[in-house]
Amino acid sequence: MKRFYTLILCFCFSVTFAAKPKHQYVRIKTDLGECIVMLYNETPLHRDNFLKLTKKRIYDGTLFHRVIKDFMIQGGDPDSKNAKPGVQLGNGTVGYTVPAEFRDSLFHKKGVLAAARDNNPEKASSGSQFYLVQGKKFTDEQLDNVETNRLKSKIPAYQREVYKTLGGTPHLDRTYTVYGEVVKGIELIDKIAELTKDDNDRPLSDVSMTVTVLKRREAKRLEKELQNATLNKNPLENAISQ
């Protein structure tokens with residue numbers, strides 16, 4: 001009988017260990033610190049493309065080349081590797097775009113990862129360039145103006161609450177694809193956003209990055225940590241984090 005229970009426990013342990021994380025995560029590391037980004041399963045084209053470029057080390061050595069306080073920090077231009085000081089960046093490409101993946105439930109709250117793009121009519125995303133939202137907090141009146149003048153549609157009540165308490169860039173919703181969010185180290189965005197920059201919004205001191213994919217064990221440990229942190233929040237905090 002003891003042997004039977006031992007086998008059951010071993011089986012349960014092996015199943016738990018073998019289970020995949022619910023999401024995939026990447027670590028963005030810089031000299032100013034690092035953050036961990038959860039990639040959304042709801043945007044599989046962007047998720048898989050970001051993972052592909054990360055595994056190929058395409059992002060390593062690229063810069064956060066465009067920084068606008070209270071808005072966002074942008075990176076991922078392959079031409080930014082070893083770029084000379086003062087050179088305007090942002091036109092680099094990996095040779096393809098990614099079809100837009102707009103989801104009403106995914107919006108531009110502070111900390112999200114979203115895809116940069118040019119003014120193409122399909123609103124297809126850059127194959128590599130991305131931004132992390134810093135944004136700012138909005139009042140109800142300001143959100144009303146965004147609805148009327150920019151979005152031409154209503155912002156859901158729970159999203160309005162997030163924009164008022166956490167902040168973000170609501171005018172970009174449903175025009176740029178959101179495909180992930182920072183789940184650890186969000187203060188890195190604020191640090192980079194504070195940097196002194198030139199007339200092209202490029203920081204005077206280069207901020208290069210190294211991007212890696214979290215391995216399964218680390219991802220599972222992170223998800224458990226995040227779950228425990230969520231359970232300890234009050235209901236309002238839980239709503240904001242969703």
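R47 touches L39, Y40, N41 and Y179, leaving aside residues up to four places away in sequence; contact here means heavy atoms within 4.5 Å. R47 sits in helix α2, helices being DSSP runs of H or I with at least four residues and strands runs of E with at least two, numbered from the N terminus. With a relative accessible area of 16%, R47 is buried, where buried means under 20% relative accessible area, exposed over 50% and partly exposed in between, for a 1.4 Å probe and protein chains only. The model is a predicted one, so local features need pLDDT of at least 70 and side-chain atom pairs count only at pLDDT 80 or more, while totals for chains, interfaces and linings use all residues. Residues are numbered from 1 along each chain as its sequence is written, and side-chain values use heavy atoms, with hydrogens and water left out.

As for the helix itself, α2 has 12 residues and reaches 16 Å from its first C-alpha to its last. That is close to the 16 Å expected at 1.5 Å a residue, the expected span being 1.5 Å times one less than the number of residues. An α-helix has 3.6 residues a turn, so residues three or four places apart point the same way. After α2 comes R57, whose phi is positive, near 65 degrees.

Next comes the sheet. Eight strands form an open sheet in the order β3-β4-β8-β6-β9-β2-β1-β10, with antiparallel pairing; two strands count as paired if DSSP finds at least two bridges between them. The edges are β3 (64-68) and β10 (210-213), each of which pairs on one side only. Neighbouring strands of this sheet are turned by 25 degrees against each other on average, direction ignored. Such angles run from 0 to 180 degrees between N-to-C directions, and the axes are lines fitted to C-alpha atoms, for helices over the stretch in contact.

The structure holds 17 salt bridges, a salt bridge being a side-chain nitrogen of Lys or Arg within 4 Å of a carboxyl oxygen of Asp or Glu. One of them brings back R47, whose side chain meets that of D48 at 2.8 Å, N to O. D48 counts as partly exposed, at 39% relative accessibility.

In another, the side chains of K109 and E181 meet at 3.4 Å, N to O. K109 lies in the loop between β5 (97-98) and β6 (112-115) and E181 in strand β9 (residues 178-184), so this pair ties together parts that are 72 residues apart in sequence. K109 is buried at 3% relative accessibility, and E181 is buried at 14%.

K154 forms a salt bridge with E147, the closest N and O atoms being 3.6 Å apart. Here K154 is exposed, with a relative accessible area of 66%, whereas E147 is buried, at 6%. Salt bridges that share partners join D140, D144, E147, K154, R160, E161 and K164 into one network.
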